[in-house]
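Visitor: I have a structure on my screen and I'd like to learn how to read it. Could you take me through it feature by feature?

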Amino acid sequence: MRILIVEDEARLAGFIQQGLTQAGHVADVAATGPEGLERAAATPYDCILLDLMLPGQSGLDVLRNLREFGLSVPVIILSALTDARHVVSGLEAGAVDYLRKPFAFDELLARLLIIGRKTAGPAGAEALRLADLVLDPLGRTVTRAGRALSLTNREFAVLDLLLRNAGRVVTKTRLAEKVWDVEYDMGSNVIEVHISQLRRKLDRDFAPAPALLETVIGQGYRLREPVE
């Protein structure tokens, strides 16, 4: 799993990061609320370990912002605030678990294992492929011509939807409903912005290789096999 640790106590963050790495996970650290929010928005993490008492922005506000942004990444709160009202507030804000400090590291690993089982999807789920483009929905990685692409959570979700409908037009309305979970607003250009960023990473950075993502004017967007 790729895990983000949002913790301002450097010694504890380092201990957790080292333990997760030894357990076979990939772990990043953010020391403030704003840094944690920025990293979570830019990288498709499998889980976030979130302290509540953070500089810059409280962990609870970070969690609320994540959910407002439409990010459904599982969050485990790690906090020294142990009374019931803090636990309830964290769970109501969207956390999937609440672990009181100090905690046994094996207990944290066990809770991550449960989350991994829940989010892994059906056994045998296969990578999505089109030409030299490969998206691994379980590992949450994307490569083109063997080169890794760095995508935000939104870009990953857009590409996933387009690949699952390869060769077919995906309308803006469907993108809004499936990726943003909102009705399409004709006055907003948020979809166009994300498509432009995705096209740059997917096609322009690989020129003169054939383009895979095309705009179907008046209809939407489509991924298709390159035309020779």
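Visitor: How much area is buried between domain 1 and domain 2?

Guide: Here's the general idea: the size of an interface is often given as the accessible area lost when the parts come together. In this predicted model, domain 1 and domain 2 bury about 670 Å² between them. Carbon and sulfur atoms give 43% of that area.

Visitor: How many salt bridges and polar contacts link domain 1 and domain 2?

Guide: For salt bridges, the count between the domains is zero. For polar contacts, the rule finds three residue pairs across the interface, with both residues at pLDDT 80 or more.

Visitor: How many salt bridges does the structure hold?

Guide: The structure holds 16.

Visitor: Why are Arg 111 and Glu 107 separated by about one helical turn?

Guide: Look at helix α5, residues 105–119: Arg 111 and Glu 107 are about one turn apart because they are four residues apart in that helix.

Visitor: What does UniProt list for residues 2–116?

Guide: An unreviewed UniProt entry lists those residues as "domain: Response regulatory". Over residues 2–116, the chain is 48% helix and 20% strand.

Visitor: Now the backbone. Which residues does a cis peptide bond join?

Guide: The cis bond joins Lys 101 and Pro 102, with omega at about -10°. To find Pro 102, go to the loop between β5 (97–100) and α5.

Visitor: What is the phi of Ala 131?

Guide: Phi is near 55° there, a positive value in a residue other than glycine. Ala 131 lies in the loop between β6 (128–130) and β7 (133–136).

Methods:
Residues numbered from 1 in each chain as written. Predicted model: local features only at pLDDT ≥ 70, side-chain atom pairs only at ≥ 80, totals over all residues. Heavy atoms only, no water. Buried area = accessible area lost by both parts, 1.4 Å probe. Salt bridge = Lys/Arg side-chain N within 4 Å of Asp/Glu carboxyl O. Polar contact = N/O pair within 3.5 Å; in protein donor to acceptor, adjacent residues only side chain to side chain. UniProt positions renumbered as here; feature names shortened; annotations may be inferred. Helix = DSSP H or I, 4+ residues; strand = E, 2+ residues; numbered from the N terminus.
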